[in-house]
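Work through these exercises with the structure open. Each task is followed by a stepwise solution.

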Amino acid sequence: MVVILILAVNMRRRKQAERSLRKVRQDLEVRVRERTSELKESEEALRVVFDSSHDAIIVHTPEGVILDANEGMLEMYGLRREDLPTLSIARDISSRQCPLHSLSGVWAQVAAGNEQTFEWMARKPSNGHEFHVEVHLRPILFRKRAAILANVRNISARKASENELRRTLSKLEAILDNSLMGIAMTRGDLLETINQRGAETFGYSPEEAMGRSWTEVLGTSEDSRALMLDMRDALESCGEFLTERELVGRNGEVSWCRMYAKAVDRQDLAKGVIWAWDDISDIKSAEDELRATREEALAANRAKSEFLAAMSHEIRTPMNAIVGMTEITLQTELTDHQRDYLRAVKDSADHLLQIINDILDLSKIEAKKLELDRVDFDLPLHLETTVRAMQVQASQKGLELSLEVADGVPDCVKGDPVCLRQVLVNLLGNAVKFTHKGKVVVRASAAQSPSPDLLGVHFEVEDSGIGIPDEFRDTIFQNFSQTTRAYGGTGLGLAICKELIALMGGDITVSSEVGRGSVFSFDAYFEPGVLCGVQTRHSLQPAADLEGLHILVAEDNPMNVMVTSLRLEEMGHTHEVAENGEQVLTMLRQGTFDLILMDVEMPVMDGLAATRAIRAATPEMDIPDPDIPIVAMTAHALKEFRDKCLEAGMDAYISKPVDFEELAAIISRIRAGSELAERIQAPVDEETVLESAPVVSEPLLSVENELSQDKSEAVEHGPLSGETVTGGEEAAAAEVNVVPDQPEAPQVNSAGERLDIDEAMFSDLVRTGIQEIRYLSEKVLALLERGERKKAKGVVQTMRNICLVMGADDCAHMAAGTEAACRIAPEDEIVRYVQQLLEGIERFEAAFQFK
């Protein structure tokens, strides 16, 4: 029983143990299944990662047998997975250009635990295409055996970029090294790189220069330090710098360089500065040679001008005596034969003077020194007097000479009347010369202007003469060109006309028929005029109507003294003679004179020096009237010499041989101007004037308008249209701030009597004058802003003359002070003077009763 119980207990325990074992087994099986599932999922995940890698991954033995590979490897090499067992790394997927024999050694190193990275040339077995790869090898344990994990990355794109970059760098290096310009880069003061040419400039090799201080390379001179300071200032302000400097190399060789610098970042110069420079030593040498050649050419041109001036002076001096004595002799009792002989002498002398004038004009034109004047003149009247002057020559040949001025031709224009007259006289002279019968007609009509600020006039000179053959039409405007020698001449007239017309903005053309005549046509352009109303159409008053003057004649040539003395006596003037400038000063201290006729070329002291001394005279010099009118009477005929005379302080200029009718006109205008000037000189204490006015070496006002060298021009210029008389300017400057309490009202009747115009015309004149003064005041302010005081002074002088003509005496007084201030006062003070003048004009306009 016990045994049975024991057996029963044992059987029961065994069954319990079996049940426990079965349960444990079931639990283990569940765990194994779960673990197996997890491992499978993990392996699948790893495989997904393995196959998803962009790089090719190869697992192979240390002997090179491929154990596994990802999808990236199959795609990169164009393989199928079933190809892997038979694939050889060295034979099938490596380029023949690679060192295949070294692979076994590399694998052994990796198997020993040393990772390896290198670039390799891979190959696709299917088509043999080769490409660059980067290979990284590391040892691993794969499926319980030693293996090598190869990570292969396709670097073809990177290699292509590197190769392209390498080629670009190679090109840039070739350009840099072979550039004809020096190129460098600096950071701070350190020279980081420099090309061959740049280093050679300073006597270095590129290797020697790089790493040095840029200031040291440039040199240690003050100029180099100044260069760096200028460079820094320019780069900080605008990011660029350009200069031309003389640089000294290490070996002492000097070279001129044009240097350019540009900041990589103008906000931070420490990021670097790019430099480029070019050796311009050859250019500088060429410039020096060109400058020397230019100086030689200028010297030659000056010598030519001096020669022409000397030639003109030497010829005109005896010609003055010849013409003068001939004219005087023609006024005496002569037989008919004697009178004919003397007229032939005078005609020949006039012809010689015309040749001299043509040569001088041609020289000035060729030297580009001929400048047109800008004066107001009555165009129809100017044409009338020009044609009238040729009437005698036409009548002597039985020709009809007429003038036709069409409607629309402006009456008052601003331009150069002398230049226009010279062209017309030349064309008319040729027309009369080459016409034996028939007529010569001058026509003027309005022409279209290229600018709204200009007035265009079309001129024609038509004759019924011999005409011009076709073969000569293209050459008649060339220098020294003649269609025939039968009529004489120099062949310069038409060439000069063409150049003068070009200066007036036009061009000359000719149409002609042999045996029927010719028509010369040209256009000229003028500015609108303002002051033509002051000119008179009456003949010049003879000198006999004026009270005789006491005139000081400064002349060293006895024949010229004789001619001048006789003609002055005929005019009713008395005179005394000084042989040089020192005698002039002495005689002014000893006596009183109304006018000086001043020769320029005199011994001891010439006329220019004497004039400057007179104008700069102080009370201590005992010259009672430093503002005495002075007229230059010289054999020099060049415009630049005329300018010298006017700048020295002379009031007018006349060339020899002297046209004494023109001299009489000049004396009349100076006297008329003096009478008007006296009206605006307010009484001022002499000591006050001397204290406020500085001592100057020349008068405050000088003539700036050229006088006509033709006597008929004198008819056209009324008072103050050509010369301006000095005197009283300092006083005007001292008193200009005194503004009258009551606005002035001009007396129209007295103005009309003085100008010989009616009240309506005078009203128009005043209206136009006020507008012109306002326009000129703006011009003065603009000139002052540009620092052109001399030009501003000239404009104010014009404003003063306009005031005088209008009868605005107080305004003329202010203008005289403004004119003086342009020489001696600060700019802001001159501006204040101009504003006061405009205020005076406003008062004058308000008080004036326009008709």
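**Exercise 1**

At what angle do helix α12 (residues 379-389) and helix α14 (residues 417-433) cross, and within what distance do their axes come?

Solution. First, the basis: this is a predicted model, in which local features need pLDDT of at least 70, side-chain atom pairs count only at pLDDT 80 or more, and totals for chains, interfaces and linings use all residues. Residues are numbered from 1 along each chain as its sequence is written, and side-chain values use heavy atoms, with hydrogens and water left out.

Step 1. Helices (H or I, at least four residues) and strands (E, at least two) are DSSP runs, numbered from the N terminus. Axes are lines fitted to C-alpha atoms, for helices over the stretch in contact, and angles run from 0 to 180 degrees between N-to-C directions.

Step 2. The axes of α12 and α14 cross at roughly 40° and come within 10 Å.

Step 3. The crossing is right-handed (near helix turned clockwise from the far one by less than a right angle; left-handed if anticlockwise).

Step 4. List the contact (heavy atoms within 4.5 Å). From α12 come Leu 379, His 382, Leu 383, Thr 385, Thr 386, Val 387 and Ala 389; from α14 come Pro 417, Leu 420, Arg 421, Leu 424, Val 425 and Leu 428.

Step 5. Sort by class. Ala, Val, Leu, Ile, Met, Phe, Trp, Tyr, Cys and Pro count as nonpolar, Asp, Glu, Lys and Arg as charged, and the others, Gly among them, as polar. The contact of α12 with α14 then has nine nonpolar, three polar and one charged residues.

**Exercise 2**

Describe how helix α17 (residues 581-590) packs on helix α18 (residues 607-615).

Solution. Step 1. Their axes lie 8 Å apart, at an angle of about 30°. That makes α17 roughly parallel to α18 (under 35 degrees; over 145 is roughly antiparallel, 65 to 115 roughly perpendicular, the rest oblique).

Step 2. α17 passes α18 in a right-handed crossing.

Step 3. α17 contributes Gly 581, Val 584, Leu 585 and Leu 588, and α18 contributes Ala 610, Ala 613 and Ile 614. By class, six of these are nonpolar, one is polar and none is charged.

**Exercise 3**

Describe the packing of helix α26 (residues 789-806) with helix α28 (residues 827-847).

Solution. Step 1. The axes come within 13 Å and cross at roughly 20°. α26 is therefore roughly parallel to α28.

Step 2. α26 passes α28 in a left-handed crossing.

Step 3. Arg 789, Met 799, Cys 803 and Met 806 of α26 meet Glu 827, Ile 830, Leu 837, Ile 841 and Phe 844 of α28. This contact holds seven nonpolar, no polar and two charged residues.

**Exercise 4**

Which residues of helix α4 (residues 103-111) are buried?

Solution. Step 1. Buried means under 20% relative accessible area, exposed over 50%, partly exposed in between (1.4 Å probe, protein chains only). Leu 103, Val 106, Trp 107 and Val 110 are buried in α4.

Step 2. Seen down the axis of α4, its buried residues fall within an arc of 100°, so they line one face of the helix. The arc is that of the directions from the helix axis to the C-beta atoms.

Step 3. These buried residues pack against β1 (56-60), α3 (89-92), β3 (116-123), β4 (130-142) and β5 (145-154).

Step 4. Just after α4, Gly 113 takes a positive phi of about 105°.

**Exercise 5**

Where is Arg 143 placed?

Solution. Step 1. Arg 143 is in the loop between β4 and β5. Its phi is near 55°, a positive value in a residue other than glycine.

Step 2. Arg 143 is exposed, with a relative accessible area of 63%.

**Exercise 6**

Is Leu 552 buried or exposed?

Solution. Step 1. Leu 552 is found in strand β18 (residues 550-554). At 0% relative accessibility, Leu 552 counts as buried.

Step 2. Leaving out residues up to four places away in sequence, Leu 552 touches several residues, including Ala 578, Val 584, Leu 588 and Phe 593.

Step 3. Leu 552 and Ala 578 are 26 residues apart along the chain, and their C-alpha atoms are separated by 7.2 Å.
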